[in-house]
Amino acid sequence: MRVLFLAAGCALMVMTGTAALAGAGANMNACVYLAVTPAQPITFSFTAGGSADHCMNDIGHDASVVASQAGVSCVSVGYVEEKGSSSGGDTCATDTSTWILSYSASAGGYSGSVQAHMSHPIFSSNHIEIDNASPDTYICSTGHLCNSTKLTWDSGTQGPLYMIFEPGAHN
């Protein structure tokens, strides 16, 4: 960002680079909630991004976590940000962003996915909403199980946010 000084001591900030194109973004964590301690530790592998991703600047990175006890186990999957403007012939300024997060487990036959949509309406907070999700998938503002499928967070902040899967909840 460059700052240009004008007469009368006023400052005008001019955004340069990709920051001016940035949309809603957050440091994202992928989590699993196990109601009971597993007989053996289970490794959950998360894949950040997928073929249905649309209008995203950043999709994070793949990661794994070992769940060895009951409760929530989380791992960072990095920074995730929707593309809030159009460029290169796309229509991202008006299209809905789509980010995919999926997981599979080393044992138990667990797998699932979620599709999330992020947005930053003008003069508003950042928003995320999940749909097309495996049963019992939630977006939370802390690493504790919640029951939210929509969440807002302050503009200018980057979370963190927690995508929590509850594998086996309906088995």
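Cys55 sits in the loop between strand E4 (42–48) and strand E5 (56–59), and Cys92 in the loop between E7 and strand E8 (99–105), so the bond ties together parts that are 37 residues apart in sequence. Keep in mind that you're looking at a predicted model. Show the two sulfur atoms and you'll find them 2.1 Å apart. Now put a surface on: Cys55 is buried at 7% relative accessibility, and Cys92 is buried too, at 4%.

Next, select Cys31 and Cys74. They form a disulfide with an S to S distance of 2.1 Å. Look down the S-S bond here: the torsion is about 105°, which makes this disulfide right-handed. Cys31 belongs to strand E3 (residues 22–34) and Cys74 to strand E7 (residues 71–83), so the bond links parts 43 residues apart in sequence. Is each end buried or partly exposed? Cys31 is buried, with a relative accessible area of 0%, whereas Cys74 is partly exposed at 30%.

On to Cys140 and Cys146, whose sulfur atoms are 2.0 Å apart. A torsion of about -90° about the S-S bond makes this disulfide left-handed. Cys140 is buried, at 1% relative accessibility, while Cys146 is partly exposed at 22%. That brings the count to three disulfides. Number the bonded cysteines along the chain and the pattern reads 1-3, 2-4, 5-6.

Now hide the side chains and switch to cartoon. You'll see 13 strands and zero helices. Pick out the six strands of the open sheet, in the order E6-E4-E8-E9-E10-E12, with antiparallel pairing. Which strands stand at the edges? They are E6 (63–67) and E12 (150–153); each has a single partner strand, so one side of each is left without a neighbour in the sheet. Turn the view to look across the strands: neighbours in this sheet are turned by 20° against each other on average, direction ignored.

Strand E10 (residues 126–131) pairs with E12 in the antiparallel sense over four bridges. Select Ile128, then its bridge partner in E12, Leu151.

Finally, zoom out to the whole chain. Of its 171 residues, 37% are buried. The accessible surface comes to about 9000 Å², and carbon and sulfur atoms account for 52% of that.

Technical notes: Residues are numbered from 1 along each chain as its sequence is written. This is a predicted model: local features need pLDDT of at least 70, side-chain atom pairs count only at pLDDT 80 or more; totals for chains, interfaces and linings use all residues. Side-chain values use heavy atoms; hydrogens and water are left out. Two strands pair if DSSP finds at least two bridges between them. Helices (H or I, at least four residues) and strands (E, at least two) are DSSP runs, numbered from the N terminus. Axes are lines fitted to C-alpha atoms, for helices over the stretch in contact, and angles run from 0 to 180 degrees between N-to-C directions. Buried means under 20% relative accessible area, exposed over 50%, partly exposed in between (1.4 Å probe, protein chains only). Accessible areas come from the Shrake-Rupley method with a 1.4 Å probe; for residues, only the protein chains shown count as cover. A disulfide is a pair of cysteine sulfur atoms within 2.5 Å.
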